[in-house]
Amino acid sequence: MKKIDVAVIMAGGKGSRLRSITNDEIPKPMVSVDGKPLLEHQVERLKEYGIKKIVMIVGHLGEKIMEHFKDGKDFGVDIDYIVEKEPLGTAGAFCYLKDKTDAKDFLLIFGDVFFDIDFDRMEDFHFKNAALTTLFAHPNGHPYDSDLIQTDESGKVVGFDSKHNVRDYWYDNMVNAGMYIINRELLELVKEPVKIDFEKDILANQVKQGANIYAYHSPEYVKDVGTVDRINATVEELRSGLIASKNLKNKQRAVFLDRDGTMNISKGFISKAEDLELIPGTIEAVKAINKSGALAIVITNQPVIARGECSFEELHNIHNKLKTLLGEKGAFVDDIFYCPHHPDKGFEGEVPELKFDCECRKPKTGMIEEAVDKYNIDLSRSYMVGDSTMDLETARNAGVKSVLVETGFAGNDGKYDRSCDIKAKDLFDAVEKIIKDIK
């Protein structure tokens, strides 16, 4: 049952980076995207979801927005307005919003983003975690100049990493996309109309106090179109059908990637980040997966955890290094699933509670099943790329096409059937062959 039926759109931006096409005659959210104002695209998506009550917070040239939409009836919705006489940042108008809606939870969307997502999944995540605020978060191709979100294993936000920080550390590629579900309790934190930043002044403070602020991680299309280049890219992706296909209501194609020996040079079991070294061509391969519209999902056994040779914290640091190295060159993985278990005992420092025969350790399919549930993946249209026959067995067990690369074990572990659907020299070669197979 739908619990959210109100959306608030922050539509007050000037759009100085778009001046060459707006001529400062229309507000930023009214910029044309494929022949239609961006804000109209947003209203249409919200209406499709079933949201009929919309509050627009307008400022610079806001009269242009109100003249276009009026009360919203012509667009099949009910639109109300809050007019900022002077800029109040991304949260200053919250003091007025309290009188515009009595909804307990509502959507908040920045007026410069183009989106097409399955709101039901985000809503379910929000209420499951009893979140005060849920942020829509995803990886992107330029995390090095983006504000990043830091979370724990459950998705609870534990900090924010400003793009202005000197990052002498490996970081997670998780970007705040400018879309939220907010509980109205937050509105009470803004008592008067003063300029205030929602993330820096409200959310960051709430996180420090331990409030239930969560990040909903999704690969769906939510992008800032605040520059001419980004608008042009969005138009191309809209016309190609890519944007609609990324909505998780639709079945997704995935390329599952083994890690050690497939993405990074095989050095036995890696227990510290300094030992991770990418195989040449890995970044280009992942970037090609990203461009194809398929999900790039890492599926990796990590028995070093159960053996006591690596902590969960250090494993996350290893994976952050992987994400950082990819992101520096415009590539990203959509998610990483790992199995920390190991069935054999007798290792010095082993973790007893992790020593059992689990359902997630390859060649079993627990990690893939988790990914399928999370991202609505069509296994019949997906692939598993690995360097061992155990990876091939995993592919067969899961019902995906198997791809064997020669950069690690090269299939010579001798325990499983060596037959596969595709053989490749390395990951880059594998992805080229997968894309040809798709076509």
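How many Å apart do the C-alpha centres of domain 1 and domain 2 lie?

Tutor: The C-alpha centres of domain 1 and domain 2 are 34 Å apart. The model is predicted: local features need pLDDT of at least 70, side-chain atom pairs count only at pLDDT 80 or more, and totals for chains, interfaces and linings use all residues. Residues are numbered from 1 along each chain as its sequence is written, and side-chain values use heavy atoms, with hydrogens and water left out.

Domain 1 covers 6-240 and domain 2 covers 251-438, with bounds that come from an automatic or database domain assignment. To the contact (heavy atoms within 4.5 Å), domain 1 gives 13 residues and domain 2 gives 22 residues. About 1,400 Å² is buried between domain 1 and domain 2, and carbon and sulfur atoms give 58% of that area. Buried area here is the accessible area (1.4 Å probe) that two parts lose on being put together, summed over both.

Next, the polar side of the interface. Eight residue pairs, both at pLDDT 80 or more, are in polar contact across the interface of domain 1 and domain 2. A polar contact is a pair of N or O atoms within 3.5 Å; within protein, one must be able to donate a hydrogen and the other to accept it, and residues adjacent in sequence count only if both atoms are side-chain atoms. One salt bridge is counted between domain 1 and domain 2, the term being a side-chain nitrogen of Lys or Arg within 4 Å of a carboxyl oxygen of Asp or Glu. The side chains of D172 and K323 form a salt bridge, at 2.8 Å from N to O.

R121 sits in helix α5, residues 119-128; helices (H or I, at least four residues) and strands (E, at least two) are DSSP runs, numbered from the N terminus. R121 counts as partly exposed because its relative accessibility is 24%, where buried means under 20% relative accessible area, exposed over 50%, and partly exposed in between (1.4 Å probe, protein chains only). Leaving aside residues up to four places away in sequence, R121 touches Y216, L248, D373, K374, Y375 and N376. A polar atom of the R121 side chain lies 3.4 Å from the backbone oxygen of D373.

Helix α12 (residues 389-398) has buried residues, among them T389, L392 and A395. Their cover includes α11 (366-375), β17 (383-386) and β18 (401-405). After α12 comes G399, with a positive phi near 85°.
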